[in-house]
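Here are my notes for anyone opening this one for the first time. Have the structure on screen and follow along point by point.

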Amino acid sequence: MKKIETSDSYQSFINDTNVSVLKYEANWCPDCKRLDFFIDDIMTEHNDKKWAQIDIEQFPEITEENDVMGIPSLLIYKEGKKIGHLHSANTKNPDQVKEYLSQFK
């Protein structure tokens, strides 16, 4: 999964005309590691979407402006607008994530 390294790469990523999924995470987060066990299969199934990850500690201002209160969270963007937010409590199993993502085309 692509890693957001700069504020400019974040802006470029969310401003795409396609649906983009950004995973908010941190190195110390055990639930983020659990999501990593099954996220590759979900990315393959939802290959019509762009995917990236962002470290909340590297970009606290982006994390705050997007109202990310728990991690991992999956935020959905299109044309620079946040159109979805799967909160950390709902990222625990693949079925919840797949069901949520299926509404975004």
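Predicted model: local features only at pLDDT ≥ 70, side-chain atom pairs only at ≥ 80, totals over all residues.

The points below go through a strand and its partners, then a helix, an aromatic pair and a disulfide.

1. Start with strand β2, residues 20–25. It's mostly covered, with six of its six residues buried. Ser-20, Leu-22 and Tyr-24 point one way from the strand, while Val-21, Lys-23 and Glu-25 point the other way. Take a look at Lys-23 and Glu-25 in particular: both are among the buried residues here.

2. Which strands does β2 pair with? One is β3 (residues 50–55), which runs parallel to β2 and is joined to it over six bridges. If you want a spot to check by eye, Lys-23 has Gln-53 as its bridge partner in β3. Another is β4 (residues 73–78), which runs antiparallel to β2 with five bridges between them.

3. Now follow the chain from β2 to β3. Together with helix α2 (residues 30–45), these two strands make a β-α-β unit, and the unit is right-handed.

4. Next, helix α1. Its buried residues are Ser-9, Tyr-10, Phe-13 and Ile-14. They span an arc of only 125 degrees around the axis, so they sit on the same side of α1.

5. Staying with Tyr-10, let's turn to the aromatics. There are two aromatic pairs in the structure. One of them is Tyr-10 with Tyr-77, an edge-to-face pair at 6.2 Å centre to centre and 90 degrees between the planes.

6. Last, the cysteines. How many disulfides are there? The count comes to one: Cys-29 is joined to Cys-32, with 2.5 Å from S to S. The cut-off for calling a disulfide is sulfur atoms within 2.5 Å, so do look at this distance yourself. The torsion about the S-S bond of Cys-29 and Cys-32 is about 85 degrees, which means the disulfide is right-handed. Are these two cysteines buried or exposed? Both Cys-29 and Cys-32 are buried.

Definitions and conventions:
Residues numbered from 1 in each chain as written. Heavy atoms only, no water. Buried < 20%, exposed > 50% of the residue type's maximum accessible area, 1.4 Å probe, protein only. Helix = DSSP H or I, 4+ residues; strand = E, 2+ residues; numbered from the N terminus. Pairing = 2+ DSSP bridges. Right-handed = clockwise from strand over helix to strand, strands pointing away. Phe/Tyr/Trp six-rings, centres within 6.5 Å; stacked < 30°, edge-to-face > 60°. Arc of directions from axis to C-beta.
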